[in-house]
Amino acid sequence: MKRKNTSLYIGLVLAGLVALLVVVGCFWTPYEPTAMSGSAKFLAPSWRHWFGTDNFGRDIFSRVMKGAGTTFFISLCTVAIGASAGIVVGSLTGYFGGWVDDVLMRLNDAMTAFPSILLALVLISLLGPGEYHIILALGLVFIPSYARVVRSEFARQKELNYVSSARLMGAGNLRILFVHMLPNTGPVLLPAIVIGFNNAVLAEASMSYLGIGVQPPGASLGYMLSESQSYLGKAPWYALCTGLTIVVLILGFSLISQGLRRRKKRRRC
Amino acid sequence: MKYTAKKLLLAAVTMVIVSFLAFLAFQIIPGDPTTTLLGTDATPERVEALRHSLGLDRPFLVRYGSWVAGFFRGALGTSYSYSMPVGSMLGGKIPITGLLTGLSFVLIVAVSLPVGLLSSQKENSRLDQVLDAVNQVLMAVPPFFTGILLTYVFGLVLKWFTPGSFVAPGENFGACLRYLIFPAVAIALPRIAMTVKMLRSSMQSELRRAGYVRTAYSRGDSRRRVLYGHVLRNALVPVVTFLAMTMADIVAGSVVIEQVFAIPGMGQLLLRSVSTRDFPVVQAIIVIIAFWVVLVNFLADVINQRIDPRLRLQ
């Protein structure tokens with residue numbers, strides 16, 4: 001029985017759409033995102049301004065392209081920090097076990113129970129607001145979630161035959177860990193990374209919405225949403241277009257993650 | 001009873017560790033609060049006097065001890081920016097955030113349990129598929145965007161409520177509830193979707209796994225009876241754990257939602273204190289929320305071992 005993996009395809013299309021906007025936005029936007037125009041304030045969406053214009057007469061579509069880029073950049077960096085640190089911690093503890101593993105996992109449990117956005121807030125209160133501080137704070141906060149996934153996969157796989165074979169061949173621990181085992185954790189790690197990216201997007205958007213993330217004149221989707229709220233009555237399209245971009249982005253990635261997991265399940269059968 | 005006592009002890013230990021970490025985190029940060037309070041050109045004598053009056057010149061463990069002791073007496077420290085006792089600043093805020101959390105939680109449970117059961121009863125039907133798609137979309141909408149949409153539709157277009165016109169619960173409880181229902185919906189929507197999904201997949205895996213399901217069917221039980229009489233009880237355990245996590249997340253998420261709806265709750269105070277680096281307030285709120293997290297997780301453990309007594313053996 002061959003069923004098409006619809007959620008993977010829809011997810012790829014949606015996420016690809018936003019990614020396309022971001023990539024194009026790096027080189028070209030229909031208007032200058034910061035160009036103000038006194039005569040073009042609060043224009044409703046039209047062929048000339050797809051998403052309308054804001055309180056300064058700036059083209060919202062161009063700003064969304066730039067803003068989505070900032071959100072993408074921050075989320076990617078966050079995932080890179082969290083995932084690489086998580087992989088190192090998770091693989092070592094899962095593979096070697098012992099009391100370090102016990103202690104770290106207890107700590108991990110405690111941290112996972114505590115809402116991640118709060119931890120990030122605390123870190124921000126220590127570091128101060130700003131784009132790079134957000135990356136650092138979110139990256140650190142998301143380490144446990146990756147470490148947990150990686151750890152359990154390494155703990156499971158170290159009992160498998162291919163690992164003992166590799167050891168018999170005389171492969172060192174590091175080689176076994178990162179050359180033999182790491183690629184095999186892909187099917188579990190990949191969906192976790194995609195979901196982690198989503199969480200990062202959501203967290204970044206929330207922080208910037210609260211005004212402690214990206215500082216003006218830089219724009220991220222979250223910051224734009226908080227700005228749009230003041231003009232909700234006059235220009236509802238501002239909030240709508242910005243928010244829907246976030247929704248499409250998150251929906252796309254969560255469908256991809258679901259599709260990846262489904263594919264893994266089907267392969268196991 | 002022994003199980004409860006063990007869990008209670010574990011919760012207490014976690015609380016000690018968390019409070020210690022919360023205290024430590026604010027000690028190792030660079031920068032002295034006296035610089036924030038007095039400015040950089042203060043005389044050394046004045047700095048010393050302030051450090052003494054804030055108790056900053058005492059050893060670390062002594063300060064930790066007196067800080068914890070203060071918590072039991074209800075003395076949570078003094079705010080740097082307002083020179084007010086933190087306790088009295090928080091006093092009026094906690095009920096507001098508590099009310100919002102309670103309201104959201106009631107919504108989540110009241111909607112997600114029936115819908116989740118319905119979708120597992122009609123597994124893979126058209127209805128189930130539609131519900132799954134709706135869930136998927138709802139999960140992707142961030143609560144603050146839902147909040148903005150609700151503000152627009154119900155606040156500005158339909159005029160069911162005036163955005164920003166929050167009334168304290170002590171003043172007019174009914175009006176307060178009527179205002180809070182909108183943020184509660186914004187918080188609850190994605191959570192409902194997650195809980196439905198969770199319950200459905202938990203029911204499904206229980207249906208596939210358990211031998212007792214086959215026994216029940218072979219005895220001639222209907223699908224409904226199998227689901228509600230046998231499977232539900234076992235499938236609830238992960239859902240209860242998830243709901244406990246939700247309770248914790250709602251309080252954390254209130255930082256954002258209170259901002260959207262201009263509600264003067266604990267979340268708003270936390271945000272303001274974070275921006276102004278008012279550490280005693282941040283510290284106190286973090287410990288209160290940590291206490292809340294530990295408490296709901298403890299309650300979930302206790303409820304779960306009621307549902308599934310096998311857990312007591314582990």
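Me: What makes A168(B) count as partly exposed?

Reply: Please keep in mind throughout that this is a predicted model. A168(B) has 13 C-beta neighbours inside 10 Å, and since a residue is exposed at 12 or fewer and buried at 20 or more, the value of 13 falls in between, so A168(B) counts as partly exposed.

Me: Where is A168(B) found, and how many Å apart in space are A168(B) and Q27(B)?

Reply: A168(B) is found in the loop between helix 8 and helix 9 of chain B. From C-alpha to C-alpha, A168(B) and Q27(B) are 35 Å apart in space, and in sequence they are 141 residues apart.

Me: Why is K159(B) called exposed?

Reply: K159(B) has 8 other C-beta atoms within 10 Å, and because 12 or fewer is the cut-off for an exposed residue, K159(B) is called exposed. K159(B) is found in the loop between helix 8 (143–157) and helix 9 (173–209) of chain B, and its phi is positive, about 55 degrees, although K159(B) is not a glycine.

Me: How do you know whether helix 10 of chain B lies in the open or is buried?

Reply: Helix 10 of chain B covers residues 211–218, and of these eight residues the number buried is zero, so this helix lies largely in the open. Helix 10 of chain B is followed by G220(B), which has a positive phi near 100 degrees.

Me: Why are helix 8 of chain B and helix 9 of chain B described as oblique to each other?

Reply: These two helices of chain B pack at an angle of about 140 degrees, with their axes 9 Å apart. Roughly antiparallel requires an angle over 145 degrees, and roughly perpendicular covers 65 to 115, so helix 8 of chain B and helix 9 of chain B are oblique to each other. Helix 8 of chain B passes helix 9 of chain B in a right-handed crossing.

Me: Which residues meet where helix 8 of chain B and helix 9 of chain B pack?

Reply: Among the residues of helix 8 of chain B in this contact are P143(B), L150(B) and F154(B), while helix 9 of chain B brings residues including F182(B), I187(B) and P190(B). By class, the contact of helix 8 of chain B with helix 9 of chain B has ten nonpolar, two polar and no charged residues.

Me: What makes helix 8 of chain A oblique to helix 9 of chain A?

Reply: The axes of helix 8 of chain A and helix 9 of chain A come within 7 Å and cross at roughly 40 degrees. Roughly parallel would need an angle under 35 degrees, and roughly perpendicular begins at 65, so helix 8 of chain A is oblique to helix 9 of chain A. The residues of their contact divide into six nonpolar, four polar and one charged.

Me: How many residues of chain A are in contact with chain B, and which helix of chain A gives the most?

Reply: On the side of chain A, 30 residues are in contact with 34 residues of chain B. Helix 10 of chain A gives the most to the side that touches chain B, with nine residues. That side of chain A has 24 nonpolar, six polar and no charged residues.

Me: Which residues have the most contacts inside the largest nonpolar core?

Reply: The largest nonpolar core has 138 residues, and those with the most contacts inside it include L118(A), L121(A), L270(B) and I285(B). Helix 11 of chain B contributes the largest share of this core, 17 residues. Leaving out residues up to four places away in sequence, I285(B) touches M266(B), L269(B) and L270(B).

Me: How many helices and strands are there in chain B?

Reply: Chain B has 13 helices and zero strands, and 34% of its 314 residues count as buried.

Key: Residues are numbered from 1 along each chain as its sequence is written. Chains are lettered from A and ligands numbered from 1 in the order in which they are written. This is a predicted model: local features need pLDDT of at least 70, side-chain atom pairs count only at pLDDT 80 or more; totals for chains, interfaces and linings use all residues. Helices (H or I, at least four residues) and strands (E, at least two) are DSSP runs, numbered from the N terminus. Two residues are in contact if their C-beta atoms, placed from the backbone, lie within 7 Å. Ala, Val, Leu, Ile, Met, Phe, Trp, Tyr, Cys and Pro count as nonpolar, Asp, Glu, Lys and Arg as charged, and the others, Gly among them, as polar. Axes are lines fitted to C-alpha atoms, for helices over the stretch in contact, and angles run from 0 to 180 degrees between N-to-C directions. A crossing is left-handed if the near helix is turned anticlockwise from the far one by less than a right angle, and right-handed if clockwise. A nonpolar core is a set of buried Ala, Val, Leu, Ile, Met, Phe, Trp, Tyr and Cys residues joined through C-beta atoms within 7 Å.
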